[in-house]
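Biologist: Could you walk me through this model and tell me what stands behind each term you use?

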Amino acid sequence: MAELWTPGAVSALREKENLPFVRADANGDIVEFNDRFAFVYGWTSEQLIGQSISLILPASFREFHHAGFARFQLTESSKVVNHPLTLATVCSDGSELQSEHYIVAEKYPDSSWSFAATLRPLEGPHASAAE
């Protein structure tokens, strides 16, 4: 599994300035997102930083996410990282946009984890073509 946890994976996603980007810590709490994410999905730092990543997930998907996250913490193995997934993203106004999520996980020298994703909107006024 070591090849899945590429050093620099989070930085590589962060550099894609044209795509919404969000990062969560090992607890699943949001620690950063870029201006494009704020523009497309309407969230502010005051609303998201320190909150669970599940806040941007539809209620119907949260249990699946919690189960997968817990499983990852036990096994350090995942079937959803490093390839695109079509999922809904919850906007600050409560609406949902279908988005292509590309999730990476990165383990740091202190054994802590970081999770990041680009969320390319597939519908609505900010929809973008695949890179």
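Modeller: Asn-34 touches Lys-16, Glu-17, Leu-19, Pro-20 and Phe-21, leaving aside residues up to four places away in sequence; contact means heavy atoms within 4.5 Å. This is a predicted model, where local features need pLDDT of at least 70, side-chain atom pairs count only at pLDDT 80 or more, and totals for chains, interfaces and linings use all residues. Residues are numbered from 1 along each chain as its sequence is written, and side-chain values use heavy atoms, with hydrogens and water left out.

Biologist: What is the mean pLDDT of the protein?

Modeller: The mean is 87, and 92% of the residues reach 70 or more, where pLDDT is the predictor's confidence in each residue, from 0 to 100. Confidence is lowest in helix H1 (residues 9-14), at a mean of 82, and highest in helix H3 (residues 45-48), at 97. Helices (H or I, at least four residues) and strands (E, at least two) are DSSP runs, numbered from the N terminus.

Biologist: Why is Asn-34 called buried?

Modeller: Buried means under 20% relative accessible area, exposed over 50%, and partly exposed in between (1.4 Å probe, protein chains only). Asn-34 has 15%, so the residue is buried. Its place is in the loop between E2 and helix H2 (35-41).

Biologist: What lies 2.9 Å from a polar atom of the Asn-34 side chain?

Modeller: That is the backbone oxygen of Leu-19. A polar contact is a pair of N or O atoms within 3.5 Å; within protein, one must be able to donate a hydrogen and the other to accept it, and residues adjacent in sequence count only if both atoms are side-chain atoms.

Biologist: How do you know that E3 and E4 pair?

Modeller: Two strands pair if DSSP finds at least two bridges between them. E3 and strand E4 (residues 96-107) have seven, so they pair, in the antiparallel sense. One of the bridges joins Val-90 to Glu-96 in E4. The two strands form a hairpin with five residues between them, and Gly-94 in the turn has a positive phi of about 90°.

Biologist: What is the order of the strands in the open sheet?

Modeller: The five strands run E2-E1-E5-E4-E3, with antiparallel pairing. Strand E2 (30-33) and E3 stand at the edges with a single partner strand each, so one side of each has no neighbour in the sheet.

Biologist: And what makes E3 largely enclosed?

Modeller: Five of the seven residues of E3 (residues 84-90) are buried, so the rest of the structure largely encloses this strand.
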